[in-house]
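Subject: Structure for you to look at

Hello,

Here is the structure I promised to pass on. Please open it first, then read my notes beside it.

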Amino acid sequence: MDLYYHIRSMPCQPVVFLAKHMGLELNHKIISIYDPVDFEALKKVNPQQHTIPTLVDNGHVVWESFAILIYLVEKYGLDDSLYPKDHAERSVVNQRLFFDSGILRNQTLQNLMRHMRNKPIPEEDKSKQQRAVELLETFLTGSTYVAGEKLTIADFSIFASVCGLSMMQYDMVPFPNISRWFKQTSTHIPDIEAMRKRIETDLQALLASLS
């Protein structure tokens with residue numbers, strides 16, 4: 001399988017984390033959308049949207065982070081624990097994914113870019129970020145993982161967003177459930193600390209090249 005991606009891209013990170021967890025061998029095609037050659041290579045496999053991550057599995061092309069997560073576990077998972085077949089359990093996983101997509105990841109990415117550029121974060125966006133983190137804290141009250149007692153694809157997605165909070169030095173002291181969950185989830189991702197360092201280094205290099 002070919003994965004067109006860049007590790008500094010927050011939507012790409014959950015796919016890499018999940019593949020590491022599942023022991024899947026991916027042919028990593030590093031793409032910088034700012035590089036014309038890379039961008040043309042990406043357009044050849046994903047001409048409709050040419051976005052990363054894009055997965056090519058034996059000629060079948062899948063893009064959008066959540067679609068790839070679901071595809072990988074449904075095709076290559078040993079069981080349905082990472083994306084339950086039970087309708088009630090799956091609905092919770094889906095809700096957490098949509099929460100991340102529409103609220104947590106979106107706000108975190110905006111604020112992280114401002115933080116990395118040493119630009120002030122508007123108070124309104126600080127409040128939105130705080131509300132998103134507070135919601136995640138409630139999801140984890142009395143729950144081992146974000147969607148219940150089992151590790152699911154929602155954990156990998158939200159883990160990437162919380163990594164972004166960590167890069168902002170966001171104060172997590174008031175959120176013990178998130179801190180406990182983050183530490184627990186990291187144990188399911190081989191080489192996570194090395195990847196986190198690489199993410200931060202690559203992001204800093206990108207911002208330096210654009211400044």
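This is a predicted model: local features need pLDDT of at least 70, side-chain atom pairs count only at pLDDT 80 or more; totals for chains, interfaces and linings use all residues.

**Helix α4**

Start with α4, which covers residues 87-116. It has 30 residues. From first C-alpha to last, α4 reaches 41 Å, close to the 44 Å expected at 1.5 Å a residue.

Now check the two ends. At the start of α4, Asp-86 points a side-chain oxygen to within 3.1 Å of the backbone nitrogen of Ala-88. Just after the helix comes Asn-118, with a positive phi of about 60°.

**Two partners of α4**

Two packed helices are described by the angle between their axes and the distance between the axes.

Take α3 (residues 65-76) first. Its axis and that of α4 come within 11 Å and cross at roughly 150°. Angles over 145 degrees count as roughly antiparallel, so α3 and α4 are roughly antiparallel to each other. Their crossing is right-handed. On the α3 side, the contacts involve Ser-65, Phe-66 and Glu-74. On the α4 side they involve Arg-90, Leu-97, Asp-100, Ser-101 and Arg-105.

Next is α6 (residues 153-167). The axes of α4 and α6 come within 9 Å and cross at roughly 20°. That makes the two helices roughly parallel. This crossing is left-handed. Residues of α4 that meet α6 include Val-93, Phe-99, Leu-104, Thr-108 and Met-116. Among the α6 residues in these contacts are Ile-153, Ser-157, Ser-161 and Leu-165.

**Another helix pair**

Helix α5 (residues 123-139) packs against helix α7 (residues 176-186). The angle is about 70°, with the axes 8 Å apart. That makes α5 roughly perpendicular to α7. Val-133, Leu-136 and Glu-137 of α5 meet Pro-176, Asn-177 and Ile-178 of α7.

Most residues other than glycine have a negative phi, and most peptide bonds are trans. Look at the loop between α2 (36-45) and β3 (54-57) with that in mind. His-50 is found in this loop. It has a positive phi of about 40°, although it is not a glycine. Pro-53 lies in the loop too. The peptide bond from Ile-52 to Pro-53 is cis, with omega near 5°.

Best wishes

Notes:
Residues are numbered from 1 along each chain as its sequence is written. Side-chain values use heavy atoms; hydrogens and water are left out. Helices (H or I, at least four residues) and strands (E, at least two) are DSSP runs, numbered from the N terminus. The expected span of a helix is 1.5 Å times one less than its number of residues. A polar contact is a pair of N or O atoms within 3.5 Å; within protein, one must be able to donate a hydrogen and the other to accept it, and residues adjacent in sequence count only if both atoms are side-chain atoms. Axes are lines fitted to C-alpha atoms, for helices over the stretch in contact, and angles run from 0 to 180 degrees between N-to-C directions. Angles under 35 degrees count as roughly parallel, over 145 as roughly antiparallel, 65 to 115 as roughly perpendicular and the rest as oblique. A crossing is left-handed if the near helix is turned anticlockwise from the far one by less than a right angle, and right-handed if clockwise. Contact means heavy atoms within 4.5 Å.
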